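Here's a quick tour for anyone about to open this one in a viewer. Have the sequence to hand as you read.

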Amino acid sequence: MGKPTGFLEVDRKTSAKRDITERVNDYKEIELLNSSEETEKQASRCMDCGTPFCHSGCPLGNIIPEFNDAVYEQNWKYAYEILSSTNNFPEFTGRICPAPCESACVLGINKPPVTIELIEKSIIEKAYSEGWVVPFVPFKRTGKKIAIIGSGPAGLAAAAQLNKVGHSVTVFERADRIGGLLRYGIPDFKLDKSVVDRRVAVMEKEGVEFKTNVNIGVNYKVSKLTSEFDAILIATGSTTPRLISTKGSDASGIYPAMEFLSQQNKRNANIGLEVNHKGEVYTNKNIVATGKHVVVIGGGDTGSDCVGTSNRHKAASITQIEVMPKPPIDRAENTPWPNWPNMLRTSTSHEEGANRLWSISLQEFITNDKNELVALKIGDITYDMSQGKVEQKVENIREIPCDLALIAAGFLHTDHGNLFQELTEVGISADERGNIVANGNYQSVQEKIFVAGDARRGQSLVVWAISEGREAARNMDQFLMGKTSLEGKSVSSFDIFK
């Protein structure tokens, strides 16, 4: 490496963040880039570690030590070439990936790991500003036509790869804008939608065709796709929310988190609220937290996004409850390096203010005589081992005010609506978790229909979706042409999020 002693001389420095008192009043991105000079210092911390476990931590197999070294040597263009060889969208992963690569960093065994995610983001933003990100238009077209259903990260990654080798790609999206989860699932303060638009514009210039407001199975039949296209990729994500059937769950004032989040993204873009993120007519047009006692049910990233959005709505109070115990401040012993660590994570949304409660059992949604939500009945989960076995108990049952409950308890599987029903009619099925079945080559029982992303593996990370899209594209190209020049994973990845 260019700086063998960098990790001894330079301390970890993460990205600067906008001041809380400023950022809670808008939806602009919170995290800022470090200067090029500071980023080069951070890159110098990457060690000549022999076996770079960061490769294994990254689902894409990004060639991390090499692009870190290029940044340290101030060869930013070469760093971009290395990064883009394995990752189609570093501008997305550099903003919203939880960075399992950093958890696997060898330096992280006994010191703070390298700021890999921030370096990645810095590289791609430098590439855009310097004009290095240009459309790659194939010299020759193969004559093969491919349809991709879903424009989330898996669908977009597959589209970019398949277009690169000369296939004609059409991406169908049931919503009114391209991006899927990136568009309507991630708040603007984490991922500004101009970043998505910028990449889509490049892909359009490369020859990828995008069609919005096309709901396959509703206004465009699967049978028509199979007759018009040589191969089809199902990349519809995992969009069926896990709801809560506790007493009172039919009250007004209880919503899936994604409806709340997607509405705010639509407001920011001046898009009407009549249609939800699934392309369906939505009657509850105005879910707002302003002046309300908000309880977010679920302690993950989606719950954190609800906290941040509620802060910007100026909620009267925000409480986030989680059924699991409070994680330890540092890496837990049962998740040793290089595994993804079980530990307490405080997001930028939590920094802005929220009351976080762990080991909570939701007993009841309490309503008034109009069936409007007014409070939650909750209790503390405790464990009794006095009888020689673990027995769970609920104690300290109490009520907390709540007139807006946002359920952020994860997602079950892909939508089992019209598209799924048409797929089952041709023999394609779901596994025991509700995900669409495909073999190791991402191919369904119908040889021209492939499946990738959360629709195949279940709810996961954006970086895994990109990886799935790339791998599916490689197998589709092999299926169509009998061979492929598309890159596979550079290393085997730990499937730590499945």
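## What you're looking at

Bear in mind that this is a predicted model. One stretch comes with a label from a record: an unreviewed UniProt entry annotates residues 24-131 as "domain: Dihydroprymidine dehydrogenase". In the model, that stretch is 52% helix and 0% strand. Its end C-alpha atoms sit 33 Å apart.

## The nonpolar cores

Let's go inside. The largest nonpolar core is made of 73 residues. Phe67, Ile123, Ile148 and Leu233 have the most contacts inside this core. Helix H19 (residues 462-481) gives the largest share, with nine residues. Apart from that core there's another one, of 20 residues, including Val214, Phe229, Ile232 and Ala455.

Which residues is Ile123 in contact with, leaving aside neighbours within four places in sequence? The list is Phe67, Val71, Trp76, Ala79, Tyr80 and Leu83. Phe67 turns up again here, and Phe67 and Ile123 are both among the residues with the most contacts inside the largest core.

Some background first: most residues other than glycine have a negative phi, and most peptide bonds are trans. A few spots in this chain go the other way.

Ala99 isn't a glycine, yet its phi is positive, at about 60°. You'll find Ala99 in the loop between helix H7 (90-96) and helix H8 (100-103). Is Ala99 buried or exposed? Ala99 counts as buried because its relative accessibility is 4%. Tyr442 is another non-glycine with a positive phi, about 70° in this case. The loop that holds Tyr442 runs between helix H17 (418-425) and strand E15 (449-451). With 8% relative accessibility, Tyr442 counts as buried.

Then there's the peptide bond from Trp337 to Pro338, which is cis, with omega near 5°. Pro338 belongs to the loop between strand E8 (317-321) and helix H16 (348-352).

Which residues make the nonpolar surface patch of about 350 Å²? Tyr383, Met385 and Val390 do.

Tyr383 lies in strand E11 (residues 373-384).

Terms used: Residues are numbered from 1 along each chain as its sequence is written. This is a predicted model: local features need pLDDT of at least 70, side-chain atom pairs count only at pLDDT 80 or more; totals for chains, interfaces and linings use all residues. Side-chain values use heavy atoms; hydrogens and water are left out. Patches are made of residues with over 30% relative accessible area and no salt bridge: like charges are joined within 9 Å, nonpolar side chains (Val, Leu, Ile, Met, Phe, Trp, Tyr) within 5 Å. Accessible areas come from the Shrake-Rupley method with a 1.4 Å probe; for residues, only the protein chains shown count as cover. A salt bridge is a side-chain nitrogen of Lys or Arg within 4 Å of a carboxyl oxygen of Asp or Glu. Helices (H or I, at least four residues) and strands (E, at least two) are DSSP runs, numbered from the N terminus. UniProt positions are given in the numbering used here, feature names are shortened, and annotations may be inferred rather than shown by experiment. A nonpolar core is a set of buried Ala, Val, Leu, Ile, Met, Phe, Trp, Tyr and Cys residues joined through side-chain atoms within 4.5 Å. Buried means under 20% relative accessible area, exposed over 50%, partly exposed in between (1.4 Å probe, protein chains only). Contact means heavy atoms within 4.5 Å.
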